Amino acid sequence: FLNESGHTFTYLAFAADHAGIKTALNASGSASVYACRAWIRFNGTGTVSILGSGNVSSLTDLGTGNYRVNFTNAMPDANFSTVTSSVAGGGYGDKGPYTYGESTGSVIVFTYNSSGALVDNNNVKAAILR
């Protein structure tokens, strides 16, 4: 198409199982390739802070050990999968992190200790796949 500045642009669309995409990602086989749609690494202690992220607009502290990850661009639906991890001992005997409250605009991540109490964690990671 021709934009208002007179430049011509071409859009290319490829299926998730396109051979060129698989080659670029070093993926083989007949299964489709699905992308990480958002990711975050954050410090959940004290004043929470994002250490690195992609497609994350902000992080909301919902209280001890409870955080909302807000997406810059919404997911197509809430049927995504979230993979989470944290540094062992970051929450002093922490478990998880785990997620709930999936929506097109955010997901809630929480960590708790071996006694079942929510605890802050200083190194939490999450990747959203869809």
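These legends walk you through several close-up views of one predicted protein model. Because the model is predicted, local features need pLDDT of at least 70 and side-chain atom pairs count only at pLDDT 80 or more, while totals for chains, interfaces and linings use all residues. Residues are numbered from 1 along each chain as its sequence is written, and side-chain values use heavy atoms, with hydrogens and water left out.

**View 1. The whole chain, for orientation.**
Start by finding the one helix and eight strands of the chain; helices (H or I, at least four residues) and strands (E, at least two) are DSSP runs, numbered from the N terminus. Going from the N terminus on, the elements run α-β-β-β-β-β-β-β-β. Of the 130 residues, 30% count as buried; buried means under 20% relative accessible area, exposed over 50%, and partly exposed in between, using a 1.4 Å probe and protein chains only. Among contacts with a separation of 6 or more, 50% come from residues 24 or more positions apart, where contact means heavy atoms within 4.5 Å.

**View 2. An open sheet of four strands.**
Here the strands follow the order S2-S1-S8-S5, with antiparallel pairing. S2 and S5 (81-86) stand at the edges with a single partner strand each, so one side of each has no neighbour in the sheet. On average, neighbouring strands of this sheet are turned by 15 degrees against each other, direction ignored; the axes behind such angles are lines fitted to C-alpha atoms, for helices over the stretch in contact, and angles run from 0 to 180 degrees between N-to-C directions. Two strands pair if DSSP finds at least two bridges between them.

**View 3. Partners across the sheet.**
Strand S1 (residues 36-43) and strand S8 (residues 124-129) run antiparallel and are joined by six bridges; look for Cys36 opposite Leu129 in S8. S5 and S8 are also antiparallel, with six bridges, and Thr82 faces Ile128 in S8. Five bridges link S1 to S2, again antiparallel, with Ile40 opposite Ser53 in S2.

**View 4. Two positive phi angles.**
The hairpin of S1 and S2 has five residues between its strands, and Gly46 there takes a positive phi near 60 degrees. Next, visit Asn55, in the loop between strand S2 (49-54) and strand S3 (56-63). Phi of Asn55 is near 55 degrees, a positive value in a residue other than glycine.

**View 5. Ile40 and the largest nonpolar core.**
A nonpolar core is a set of buried Ala, Val, Leu, Ile, Met, Phe, Trp, Tyr and Cys residues joined through side-chain atoms within 4.5 Å. Of the 16 residues in the largest one, Ile40, Leu59, Val69, Phe71 and Ile128 touch the most other members. S1, S3, strand S4 (66-71), S7 and S8 each give two or more residues to this core. Leaving aside neighbours within four places in sequence, Ile40 has contacts that include Val56, Leu59, Val69 and Val124.

**View 6. Tyr34 and Ser106, a contrast.**
Which of these is buried, and which is exposed? Tyr34, in the loop between helix H1 (19-24) and S1, counts as exposed because its relative accessibility is 61%. The C-alpha atoms of Tyr34 and Leu129 are 7.2 Å apart, though 95 residues separate them along the chain. Ser106 lies in strand S7 (residues 106-113) and counts as buried because its relative accessibility is 8%. Not counting residues up to four places away in sequence, Ser106 touches Arg68, Val69, Asn70, Phe71, Phe80 and Gly101.
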